[in-house]
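Thanks for making time this morning.

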There are 4 protein chains.
Amino acid sequence: MIRATVWAEPLGQMSAHPALRALQEAERARIFTHYPEGIHRVICDGLVHELGAEGSVSTTTLDDCEQGLAPEVLAATDVLVWWSHGRNDELSDEAAERVVRCVRERGMGLIVLHSGIESKPFRQLMGTSCQTERWRHGDDYEAVWTVAPSHAISEGIAPVFVIPHEEMWCEFIDIPVPDDLVFISSFAGGEICRSGCCFRRGKGRIFYFRPGHEAHATFHQAEVRRILANAVRWAYTPAPSPAHFADRWEGKQGSLGWFQREAID
Amino acid sequence: MIRATVWAEPLGQMSAHPALRALQEAERARIFTHYPEGIHRVICDGLVHELGAEGSVSTTTLDDCEQGLAPEVLAATDVLVWWSHGRNDELSDEAAERVVRCVRERGMGLIVLHSGIESKPFRQLMGTSCQTERWRHGDDYEAVWTVAPSHAISEGIAPVFVIPHEEMWCEFIDIPVPDDLVFISSFAGGEICRSGCCFRRGKGRIFYFRPGHEAHATFHQAEVRRILANAVRWAYTPAPSPAHFADRWEGKQGSLGWFQREAID
Amino acid sequence: MIRATVWAEPLGQMSAHPALRALQEAERARIFTHYPEGIHRVICDGLVHELGAEGSVSTTTLDDCEQGLAPEVLAATDVLVWWSHGRNDELSDEAAERVVRCVRERGMGLIVLHSGIESKPFRQLMGTSCQTERWRHGDDYEAVWTVAPSHAISEGIAPVFVIPHEEMWCEFIDIPVPDDLVFISSFAGGEICRSGCCFRRGKGRIFYFRPGHEAHATFHQAEVRRILANAVRWAYTPAPSPAHFADRWEGKQGSLGWFQREAID
Amino acid sequence: MIRATVWAEPLGQMSAHPALRALQEAERARIFTHYPEGIHRVICDGLVHELGAEGSVSTTTLDDCEQGLAPEVLAATDVLVWWSHGRNDELSDEAAERVVRCVRERGMGLIVLHSGIESKPFRQLMGTSCQTERWRHGDDYEAVWTVAPSHAISEGIAPVFVIPHEEMWCEFIDIPVPDDLVFISSFAGGEICRSGCCFRRGKGRIFYFRPGHEAHATFHQAEVRRILANAVRWAYTPAPSPAHFADRWEGKQGSLGWFQREAID
């Protein structure tokens, strides 16, 4: 049983950023048509439907106690699904650090969606700015192409599927080279973007999925739901290798072949 | 339910290669102590024990009908586990081709053990000679180190474990850069070898695991059994992406945005 | 001084394949407008211009003695640039094998262009079918996006540039996961294709570049010339690591720490 | 002409960390035998010797003005070679940030040596703890094995060479999966460590090389000197792709096919 927690910014709150705020207000009607109870509820419904008895899915938000990321919430989470957009700056450094440590030290899976690329935990885990050079908030289609048909996250997904309306981003996206590149998207203007990317950090597995602007119905789409469920399964580590990342000054030292004796003892 | 098939050279037959034959005869007592009914039986027992109700495991050998790789055998196999050593040259080109195509076109998983590195299917899938520069058939230990603690194949495996007796091989091993490097081994003389390597080819996943010389008890060891079961689970693709690798002259052509119309239609 | 050899099918000869032949005949006027003396001459001119005193560039073709790939030609080649399309099947197995061995065993660089993806040497080095699922011989643009701005092959190349007319191919292209993915292309219909891919095999470096259909002026374009010159520099190994891929039965054996004594002796 | 700058902790100053300080005092005689004028001087001498007219090499230290990393120093640096050990905590956040931004945004190369793995810039660029599980400050040999004989950094390096005396570290080392793995080391006790690792971040190339404890003569050794010179050449980007990582809110928007018009205009 995989315990998945969907964390999101609740959509009722607007960003403090003037440009983003203006955008969100203009789109308020569309946002609330697609996600009347918040985007996390629709993502959660999709996972419940796809995972069935394999998973137990709950939700939490930026406006909950301890920004929805209290230690006990994370302790009960095998895979954290993260959606954020306009309020990335509001996340406390402490909450970001807790997420990062759960991934690296305990092997918690992390699925980051859309503008969560610029969230504090993802940027810290990547080591890059995670910015995109160009974007267009218009009425593009996004065609999602599978370039890794043998990957667990593309199981059951067609060689290409189309999200009818999405925000466009294009390369270069300033992320590290993905450990696995699963999907590449194209947009109506001919732009492209690596849109399904796997990374490993410490004991944890991370999947970044680009689509998911809140003004569009993306998380209602069957292929997207299947991909998120595949990603949750892939990111789940029931028994991570017991490697511990000790403070080196406490490390064992001074003997040859210690590991052989330990293995025998 | 994963259908795993363990394919091996039966150990009663000796290699036609004089050097190998001499070696095998000298070791005959040890081989039959560890693997009285053949190495495939012990590998199969380990998988049955580890996979339980998750798997259905059968065996087949080079000396069986159609070299144990008849089309109907492969058609009923989700993951093929491959052990070969002295008789790699005896495999027919047709049987090798069938294995290669099942991996690439149908997504059959392939787990290749020890000297199976030099088998025809593995060499064809890699595109390299798959030879190792130096080897030593002595009485080394092999220490297997996990360098990917977040990988599905290292789940439950310690940061290092020791196989008390193994054949030594050292780098450079002429394989492509692995898509995932999971284990690196060291030997009593200070040699090292990349020993757990994942590759993707077409729709299929391939795992190469280095240990497994027939004169040693390797496949009786708990960690090795766990790794092989992890690898079988990892290599299993229940619903590969339906990408088809068409002959290009039969491909669809001549229209813009065909994929959008297909997606809508 | 890098010794580059440009090998190509001469364009005067037509393919024996009826579909290809019909296509080539229909395009004969365009082909001879762009490449009146053969495509290899234009590729060669571009390299001469870009490399200047760094390189010495020569040409050879499928219709030359020993199919242009005589041992002495290869022995005098540091980097082989390969263009082929309609006559891939005509290459002898012996010539293909010579190319493969020069790459793997001697570190000859190999730059494969366009339909050279289906040539014998490239397919053998990759271990996959190297086929593409869909293609369109129309009048697409090809937009080439840089996804590795830190790579030697993208030096001086804009984040995106456009080839006004090219043949379209789209994913899934059946190649292994590239060791470095440098470029991704989009086409007028919204299709995408990984179009600049690095691979390592043995001691050699391989770069695959997708554009280059003979009916288009691709090899006259400044960005393409720069990319090919960057690729030749990247693929050149003046002093490859002296690893030798010995036949294992001739390998040194039987002693612990042989490499330490050799290093000291 | 590559402008390389060697930055190091000067060895006269001792760490504030009690354990490290005790160690350094015990080793003071050995340190000053090998590096009487500081470790940066020996690294610099090696680069000068190897690069000849290809490079211009200078040095700077933690005790220099602005910790040796003033903006004008970095602006005049194509490749920064970094050695630090006991005083990683003393680096200011501002200096670390300057180094990180030069790598990502301007394509400055970065070569990180030994305990520089735990320096602030490297940890920020990696996104992991960069800690090692076990270490031994004894009298191990370190055997350095080449696993990428086709890589620019292993050019001219034997399949294995031995550093007679080094500090031991072993896996798991908490770094991301390297983009290229060039060397793996083994130690006298049978431990192993990935010891030559390439990473890409933004426009910059990073190479991590593990050997280099200050009590040992490592940086006097010919193979190490060659590797560092190879790495400086590899990390140098004379004309990085002009991708700029704009603040997304200033990005161009609102038009289809902008890149095609720009390419044509």
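This is a predicted model: local features need pLDDT of at least 70, side-chain atom pairs count only at pLDDT 80 or more; totals for chains, interfaces and linings use all residues.

Residues are numbered from 1 along each chain as its sequence is written, chains are lettered from A and ligands numbered from 1 in the order in which they are written, and side-chain values use heavy atoms, with hydrogens and water left out.

The size of an interface is often given as the accessible area lost when the parts come together. Here chain C and chain A bury about 1500 Å² between them, with 74% of it on carbon and sulfur atoms; buried area is the accessible area, taken with a 1.4 Å probe, that two parts lose on being put together, summed over both. Between these chains, four residue pairs are in polar contact, both residues being at pLDDT 80 or more. By polar contact I mean a pair of N or O atoms within 3.5 Å, where, within protein, one must be able to donate a hydrogen and the other to accept it, and residues adjacent in sequence count only if both atoms are side-chain atoms.

Let me turn to the sheet in chain A. Nine strands form an open sheet with mixed pairing, in the order β2-β1-β3-β4-β9-β8-β7-β5-β6; strands are DSSP runs of E with at least two residues, helices are runs of H or I with at least four, both numbered from the N terminus, and two strands pair if DSSP finds at least two bridges between them. At the edges stand β2 (55–61) and β6 (160–173) of chain A, each with a single partner strand, so one side of each has no neighbour in the sheet.

Which way do β5 and β7 of chain A pair, parallel or antiparallel? They pair in the antiparallel sense, over five bridges, and A143(A) has S186(A) in β7(A) as its bridge partner.

Finally, the rule counts 67 salt bridges over all chains, each being a side-chain nitrogen of Lys or Arg within 4 Å of a carboxyl oxygen of Asp or Glu. In one of them, the side chains of D78(A) and R3(A) meet at 3.0 Å, N to O. Because D78(A) lies in the loop between α4 (71–75) and β3 of chain A, and R3(A) in strand β1 of chain A, the pair ties together parts that are 75 residues apart in sequence.
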